[in-house]
Amino acid sequence: MRLALNLSALRGAGSTQVGRNILGRIAQKTAFRCKAWIPEDWDRARDRELGGELVRVRTGGLSKLFAENVSMRAALRLWCADRLFSLGDTSLPRPGVPHLLFVQQAYLAYERSDWGFVPPPAFSAKMRVVERYFALGLPWVDRITVQNAPMKAHLCARWNIDPERV
């Protein structure tokens, strides 16, 4: 099976470690051939422990949008990927293959009124963009995984997602 992994948005220490661990474990399985999009700033000295074919993506929102909507979509088709696994909270719209999305940020599951604080304007603006992109890609996600049951319940309620998909 050819498994494509979109890890390009994993920049924080915790999410980077999760992404590296998942890619490393999957690439060790002989049943999978892996191709992974990773941030350009991941430690190159540790690439061997990841396995699979690595494609580095420049940081920034425009680079992410280009990578996902132009180069990644073309590569999925040309590489004949069987599945796409995205670990960066948002999905690639119309990937052309079955798609699993890992939503790590609880901000996507909860309404702003449930946050219990008023975020800075820049963060609010960023979250509005992330929410729109999340909504745009959601129809093409086959399965979603989240951190826990309360997050699942809130995500399903907020975005009208069938709980069987999560």
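Colleague: What makes strand 2 and strand 3 a pair?

Modeller: This is a predicted model, and in it 5 bridges join strand 2 to strand 3 (residues 53-57). A pair needs at least two bridges, so with 5 bridges the two strands count as paired. They run parallel, and Ile 38 stands opposite Arg 56 in strand 3.

Colleague: How do you know that strand 1 pairs with strand 2?

Modeller: By the cut-off of at least two bridges: strand 1 (residues 2-6) is joined to strand 2 by 5 bridges, again in parallel. Leu 3 stands opposite Cys 34 in strand 2.

Colleague: Why is strand 2 called largely enclosed?

Modeller: Buried means under 20% relative accessible area. Of the 7 residues of strand 2 (residues 33-39), 6 are buried, so the strand is largely enclosed by the rest of the structure.

Colleague: Why is Val 57 called buried?

Modeller: The relative accessible area of Val 57 is 6%, and the cut-off is under 20%, so Val 57 is buried. This residue is found in strand 3. Leaving aside neighbours within four places in sequence, its contacts include Trp 37, Ile 38, Pro 39 and Glu 40, as well as Ser 63 and Ala 67. Glu 40 is 17 residues from Val 57 in sequence, yet their C-alpha atoms are 5.2 Å apart.

Colleague: And Asn 160, buried or exposed?

Modeller: Exposed means over 50%. Asn 160 has a relative accessible area of 72%, so Asn 160 is exposed. Asn 160 lies in the segment after helix 4 (149-159).

Colleague: What is the phi of Asn 160?

Modeller: About 55 degrees, a positive value although Asn 160 is not a glycine. Cys 80 also has a positive phi, near 60 degrees, and is not a glycine. The place of Cys 80 is in the loop between helix 2 and strand 4 (83-86).

Colleague: Which elements supply the lining of the largest pocket?

Modeller: Helix 2 (61-79) and helix 3 (121-137) each give at least two residues, and the largest share, 4 residues, comes from helix 3. The pocket has a volume of about 560 Å³. It is lined by 20 residues, and the closest to its centre are Ala 9, Lys 64, Gln 105, Lys 126 and Val 130.

Colleague: How does that lining divide by residue type?

Modeller: Into 7 nonpolar, 9 polar and 4 charged residues.

Technical notes
Residues numbered from 1 in each chain as written. Predicted model: local features only at pLDDT ≥ 70, side-chain atom pairs only at ≥ 80, totals over all residues. Heavy atoms only, no water. 1 Å grid on protein atoms, 1.4 Å probe; cavity = no way out; pocket = protein on both sides within 12 Å on 5 of 7 lines; lining within 4 Å. Points joined across faces, edges and corners; volume = space filled by probe spheres on them. Nonpolar A, V, L, I, M, F, W, Y, C, P; charged D, E, K, R; others polar. Buried < 20%, exposed > 50% of the residue type's maximum accessible area, 1.4 Å probe, protein only. Contact = heavy atoms within 4.5 Å.
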